[in-house]
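User: Please pick one spot in this model and give me a close look at it. After that, I'd like one connected account of how the surrounding architecture is put together, with the cut-offs spelled out.

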Amino acid sequence: SDLLLPESWPDETLYSLLARIALVNGSTNHVELVRNLLGVKRATSVISASINLSHFCDVTRNMYGSPREVLQNFSVLVARARLGELDGSTLAEIECGALAPPLVDMVFGGNGHWRLCARCAEYDAKTYGIAYWHQAHQLPTSYYCSGHGLPLEEWKPGRTRLHNDFLLPHQLDKTQRMGVCVSSGQNNVWPSIAFLGKHALADTAKPLSQIVILEAFVSGLRVRGFLSRMGQMRMSSLKEGFEQEYRSGVPGIGPLDIGSISNFKQLLFGITDGRACKPFGRLLLVQWLFGSWSAFKERCQWQDVLDQGLRRPPENGEANPRRGPSPAEGPSVIERYRQVCLGYKASYPNPSRLEFLKISYRAFRWLRQNDQAWLDQQLPLPPRHGGQYELFG
């Protein structure tokens, strides 16, 4: 390629980098540039273009790193995987070019929020000559700049321009400025969530498995008392806690609408059911249940340690324990989970179902769903007293 390739800037979105490539090369046909850079021969839109990362890295001669490094440094997708919103296999397919996500998903996580910090824009213009789009500002849950603590300005470029052109902040029409997202001085939970988003993006550790992350969230719900002793959600307590955390003390903000999240039940999508979760909505759960990114990571790592004894090497092709084993694998999987239970019984003087659930939630849940008669024999249900419900029945 004969294109001039500028250096990337801190916390820059892939869209912003592509816009600057178009700018320094004097490109007037940005859709054609998309076809050449991103490997989409029939692209008809800039913002909706699919991205072949392998092709992009080849064309740019790895100026911005390998496909894995580009995915880590210029997209929000790896951060979503750290929240359990995406599976690791999805990232692997994107890295090798087998899956080409839309540019809008790489930048916004699915929702177009064009946000800008006035102080950052001033600094960027003085330091680099022009302002650019920061990754941390574009998350659906980012209402504040984590660097300056200022409410972010929101812009609404026209759809036609977004389809035809790459746009940098200085190229926007001032009439498209919609104002700040929230008024300063309101609930300080939103600056905290903006920090969480920045930490999720800056994290360089390899994402843990989706199962481990989801079980870490379940563990957090249990510790906070949002799960009954039978493992069922206490919906009234969840609703009350959600309202208190995210609605009280925010006069004038109206109904909650963070990344299309308007109901606390949406935070549980993908954890309590199979529905797709809202992009970065789980940052609200991290804030609510753990308070910081480091505490959430520690919970995930601890959950991973607890589960290590229940996993075989990937090449053995084990089925997802939540879905049960395949018929061919059933006996060995059952035996392995039974051994976890027997090991627990041998290690504790007064073993109980509740304690086993706390020590090894994954094994307990699998046995209850797939081998309940054996589990009941090893750890019998507590007797009823005065009409009290059976635990874990």
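Happy to start with F364, which has its place in helix α18 (residues 361-370). Helices here are DSSP runs of H or I with at least four residues, strands are runs of E with at least two, and both are numbered from the N terminus. This is a predicted model, so local features need pLDDT of at least 70 and side-chain atom pairs count only at pLDDT 80 or more, while totals for chains, interfaces and linings use all residues. Residues are numbered from 1 along each chain as its sequence is written, and side-chain values use heavy atoms, with hydrogens and water left out.

F364 counts as buried, at 1% relative accessibility. Buried means under 20% relative accessible area, exposed means over 50%, and partly exposed is in between, using a 1.4 Å probe and protein chains only. Y337 is 27 residues away from F364 in sequence, and the two C-alpha atoms are 8.3 Å apart.

A81 belongs to helix α5 (residues 77-82), and its C-alpha is separated by 7.5 Å from that of Q210, 129 residues away along the chain. Neighbours within four places in sequence aside, A81 is in contact (heavy atoms within 4.5 Å) with L86, L91, P207 and I213.

Moving up to whole helices, 9 of the 11 residues of helix α1 (residues 14-24) are buried, so α1 is largely enclosed by the rest of the structure. The buried residues of α1 include L14, Y15, L17, L18, R20 and I21. Their cover includes α2 (30-38), α3 (53-59), α4 (67-74), α7 (103-108), β1 (114-116) and α10 (159-164). After α1 comes G26, with a positive phi near 65 degrees.

The axes of α1 and α2 cross at roughly 115 degrees and come within 11 Å. That makes α1 roughly perpendicular to α2. L18, I21 and A22 of α1 make this contact with H30, L33, L37 and L38 of α2. Its residues divide into 6 nonpolar, 1 polar and no charged. Axes are lines fitted to C-alpha atoms, for helices over the stretch in contact, and angles run from 0 to 180 degrees between N-to-C directions. Angles under 35 degrees count as roughly parallel, over 145 as roughly antiparallel, 65 to 115 as roughly perpendicular and the rest as oblique. For residue classes, Ala, Val, Leu, Ile, Met, Phe, Trp, Tyr, Cys and Pro count as nonpolar, Asp, Glu, Lys and Arg as charged, and the others, Gly among them, as polar.

Another helix pair is α11 (residues 189-202) with α14 (residues 282-289), whose axes are 10 Å apart and pack at about 115 degrees. These two helices are therefore roughly perpendicular to each other. On the α11 side, V189, W190, S192, I193, L196, G197 and A200 meet L283, L284, V286 and Q287 of α14. This contact contains 8 nonpolar residues, 3 polar ones and no charged.

Finally, the overall picture: the protein has 19 helices and 3 strands, and buried residues make up 48% of its 393 residues. Among contacts between residues at least 6 apart in sequence, 67% join residues at least 24 apart.
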